[in-house]
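Here are my notes on the model, point by point. Please read them with the coordinates open.

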Amino acid sequence: MAAEAVAGKRSVGHRLAGLFQGRPRLQVGTLLAGPVGWLVVGYLGSLAVLLVTAFWSVDALSGEVIQGFGLENFEALFEEPVYRDIVGRTVGVAALVTLTDAILAFPIAFYMAKVASRRGTAILVVAILLPLWSSYLVKVLAWRTMLSNDGIVNWALEPFGLHGPGYGIVAVWLVMSYLWLPYMILPIYAGLERIPNSLISASEDLGAHPLTTFRRVILPLSFPAVVAGSIFTFSLTLGDYITPRLVSNDQFIGNVIFNNITNNQPFAAALAIVPIVVMIAYLLVARKLGAFEHV
Amino acid sequence: MRLSKRATWLLRTGVGLGLAFIYVPLIVVGIYAFNASGTTQKWPPSGLTFEWFPKAIENEAARDAFLTSIKAGLAATAIAIVLGTLAALAVARHRFFGRETISFLVVLPIALPGIVTGVAISNTFTQVLGVSLGLFAVVVGHATFCIVVVYNNVVARLRRTSASFEEASADLGAHTWQTFRFVTLPTMRTALGAGALLAFALSFDEIIVTTFTIGAGAETLPIWIFRNLFRPTQLPIVNVVALLVVLLSIIPVYLAHRLSREEGGAAAGKGGRATEAEATAVP
Amino acid sequence: MRRRDAHSARTAWLVVAGLVAFMLVLAGCGSSDDDNGGSGGEELQQLGKGEGEVDLISWAGYVEPEWTKPFEQKTGCKVNNKVGGTSDEMVQLMRTGEYDGVSASGNASARLVDGGDVDPVNVDLVPNYETIFSDLKDQPYNTFDGKPYGIPHGRGANLLMWNSDEVKPAPDSWDVMLDPKVAAKYKGKISAYDDPIYIADAAVYLMTHEPDLGIENPYALNDEQFEAAVDLLKEQRANVGEYWSEAAKQISAFANGDATVGTTWQYQYFALQEEGDPVAASPASQGFLPKEGATGWSDTWMISSTAKHPNCMYMWMDWIVEPKVNAEVAEFFGEAPAQSLSCDQTADKNFCEKYHADNPAFWERVYYWETPVADCGNGNDDCKDYNEWVQAWTTIKG
């Protein structure tokens, strides 16, 4: 009887929903309209507009942008060796930070996923997430203070006759590895968690030494998760300009873009194409390596 | 996994060192919140004092910035929830051309350098649309890179739950909206919650995109911090604010964790613990 | 089934491409509407009621509660201030059109005028302007096309500062930073200003030490002179510990022992002295100038052409050169006041003398920041313009 009552009153909601019934393409279209509109028209469109300016140039005094197709910015980028140095430095540090974080994160993630008790894991997850809530700027400032000449790092190393790295590229690597570590720990943890314990037990039952199990079962299965985490560490390092500015004199891609965005936006846009291309390439490789799959 | 005693011990030490690495700088921040000197941060600090705490709490600009950050975060998270869920539903429950590209597209805003995203959005607002910058532009910017976080979580949950429940619901006479409300939504609720919390955290601490989109009037907390980081005479206030935010954030982080541990019965997968982690994984 | 999908997929991509193209067209239209160009702005004719607030961009230490609070009480205009670290930053912020005014140095003012971002100032609406020092009026950095574009704030020279415990004997020349042999003694402890305009400092040094180059104006450099200055700075790079653009960054560097000698503003010098750090600056006997002279700045408050609160801005400009206020301002920062009547109002009765406020001869050895342009000013047109300075600066830092 209730069903009849429901069927009797066909409200607007009912009728609308009826439109979607059995029409999967309409469903997909409606679902995607919002996100795709936002991301493609809004975001990609904005990017395209910015990148078009890379072909323009600028009047030195007024800063007015002169439209029209020209390749001067790209010529400048290719001819002057300093830009190659800067790109190389940025990509190099990004790769190093990614590697460092992968190595640092794995033991912690493994412990959380496979060894710790349920309560231990819970505490560790909270402990890893908490620093994400403390301000990025304040953390970098803390490191700047710690690495200074009279700072805590030198003070701690003094009894051993050692000296801290001070400011410079080593400091940038250190601070960035610190900042992005949680972004690497969590995906690896998720990936390791998904590996059924039965697989590991089977490997052990077949007589494998724990290291062999690690090398031939755990590592391959968790590799996509490592790649997924690396997307964050790599991209966040690639684009950062605040940390290099605060703990070093070295120029990263982001610094040069930032310095030029006022007077010479077309030039900054031309330079911006480099990290965009690098990241897209990285994402494509990551996709091939399975980072975008969930088992 | 069976590990030898020595291996377990080594592992535990490694974890301990890792946690120490993560927390030592935060402890340093905490110590400098009591720094007696207003201008410099020397080690060891010249003296300790409580004076900065009331100054920080009374600081109007800091309070305004805090509220602005909350407002921006809530708005951006709301938009991200809607757009992320829509996209996740499409990807997890339907097949269509370009399905793999959606995952790629969604991660792009967070993968590209913040300065590029910030300048692009700022350009579009001021030059293409002729709209002035401000909180709205900030929300647009934040929502754009927060979508991926919600999307990841929801897609992961939807993939782990079978579509058969929704089909059964449809067979029983429920139309699309009813199925969504009574079957799909409950199963992904905790995933949504965890994703939303991480999205909020991302938006709350974001500085680079915000710098380019906020314009003159308003300030989010990171902008306020940046402005005061380089204003000597009040440096410890910044540390106090950072410390207070971390302490305050214990609540939502704990909440997120509890949320992800609740599982909706048979629809659950292997274990809810991984949910927040999945938010940072790529779909 | 697949062909139908492909067809709809193709339509989808076409629609998307069309939308992106639409965005680009919009962008093209939007940008060309942005042409303000040249000095064609209107100056305010009459002062009306205050709008309730004013948005300023300024150097660190220029807008402080000591004088903003009384201003707010008197005029009801709430002061919102954004501190810029470099002129580039300030120009960028002004170009957003979201601010009412800026304390512009000479390497920003010309760009702002030419870009149409600022309007001329009607000095009749600023009563305190009359008694400004005469050698600050009608200057090339604040007067364009015969019209005044701002109200002078104060002026100063960039200082040579050192840690008096670590650097002995007390230097009186920029050698200690720019002569590779001398600077090598302080390798890794030198603090230089992180801005392309610093190239002028090298040029000033070369004026004395390599007179054959014939540099007359450190901001108008031809190829040969420019290259010499850039090479000098590339050599300096090896000894630089830190390039600073935020004053507080340099303060912390000196306080923590990361820097022992550097180029600075009075603001940092006094802040460090107050903290009790052992710093000293270029010989006081010489008026804080090393023997080669120095670059410096003479700052001007300019009003935005898109100011939302013009009345409050005019009130601010008048307030900042009110004798008592300008005296406070000058003493706080450590610069020479712009207002001649301030010399009777300073707490230190010898302040104006110490800072050479009324001594035009002194300022002849100080080369105020200017915007480098191709026109050398002596008939030649082959000087390096600002874009080239910016590019060169990137190569210097490496």
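**Notes on the predicted model**

1. **The sheet in chain C.** Start with the open sheet of 5 strands in chain C, ordered 10-9-11-8-12 with mixed pairing. Strand 10 (240–244) and strand 12 (279–281) of chain C form its edges, each pairing on one side only. From one strand to the next, the twist averages 25°. This is a predicted model, and the points below should be read as such.

2. **One pair inside that sheet.** Strand 9 (residues 190–193) of chain C runs parallel to strand 10 of chain C, and 4 bridges join the two.

3. **Helix 12 of chain C.** Which residues are buried in helix 12 (residues 323–333) of chain C? They are Val325(C), Asn326(C), Ala327(C), Glu328(C), Val329(C), Ala330(C) and Phe333(C). Note that Glu328(C), a charged residue, is on that list. The cover over the buried residues of helix 12 includes helix 2 (65–75), strand 7 (151–157), helix 10, helix 11 (310–320) and strand 14 (336–337) of chain C. Just past the end of helix 12 of chain C comes Gly334(C), with a positive phi of about 95°.

4. **Domains of chain C.** Domain 1 of chain C brings 12 residues to the contact and domain 2 of chain C brings 11 residues. On the domain 1 side, the residues divide into 2 nonpolar, 7 polar and 3 charged.

5. **Domains of chain A.** Here the bounds are domain 1 (11–55) and domain 2 (81–288) of chain A. The C-alpha centres of these domains of chain A are 34 Å apart. The contact takes 4 residues from domain 1 of chain A and 5 residues from domain 2 of chain A. The side of domain 1 of chain A has 3 nonpolar, 1 polar and no charged residues.

6. **A buried helix in chain A.** Why is helix 13 (residues 253–260) of chain A largely enclosed by the rest of the structure? Because 8 of its 8 residues are buried. They are Ile253(A), Gly254(A), Asn255(A), Val256(A), Ile257(A), Phe258(A), Asn259(A) and Asn260(A). Within chain A, these residues pack against helix 5 (81–115), helix 11 (210–239), helix 12 (242–247) and helix 14 (265–288). Beyond chain A, they pack against helix 5 (114–128) of chain B and helix 15 (386–397) of chain C.

7. **Chain A against chain B.** How many residues of chain A are in contact with chain B? There are 85 residues of chain A, facing 81 residues of chain B. Helix 3 (residues 24–52) of chain A gives the largest share of the chain A side, 14 residues. By class, the chain A side divides into 62 nonpolar, 16 polar and 7 charged.

8. **Chain B.** Chain B has 12 helices and 0 strands. Of its 283 residues, 55% count as buried. Take the contacts in chain B between residues at least 6 apart in sequence: 76% of them join residues at least 24 apart.

9. **Confidence.** The model scores ipTM 0.83 and pTM 0.84. Chain C averages a pLDDT of 86, with 89% of the residues at 70 or above. Within chain C, confidence is highest in strand 3 (residues 101–104), at a mean of 96, and lowest in helix 1 (residues 2–32), at 59.

10. Where pLDDT is low, the predicted coordinates should not be read in detail.

Methods:
Residues are numbered from 1 along each chain as its sequence is written. Chains are lettered from A and ligands numbered from 1 in the order in which they are written. This is a predicted model: local features need pLDDT of at least 70, side-chain atom pairs count only at pLDDT 80 or more; totals for chains, interfaces and linings use all residues. Two residues are in contact if their C-beta atoms, placed from the backbone, lie within 7 Å. pLDDT is the predictor's confidence in each residue, from 0 to 100. A residue is buried if 20 or more other C-beta atoms lie within 10 Å of its own, exposed if 12 or fewer, and partly exposed in between; C-beta atoms are placed from the backbone. Two strands pair if DSSP finds at least two bridges between them. Axes are lines fitted to C-alpha atoms, for helices over the stretch in contact, and angles run from 0 to 180 degrees between N-to-C directions. Domain bounds come from an automatic or database domain assignment.
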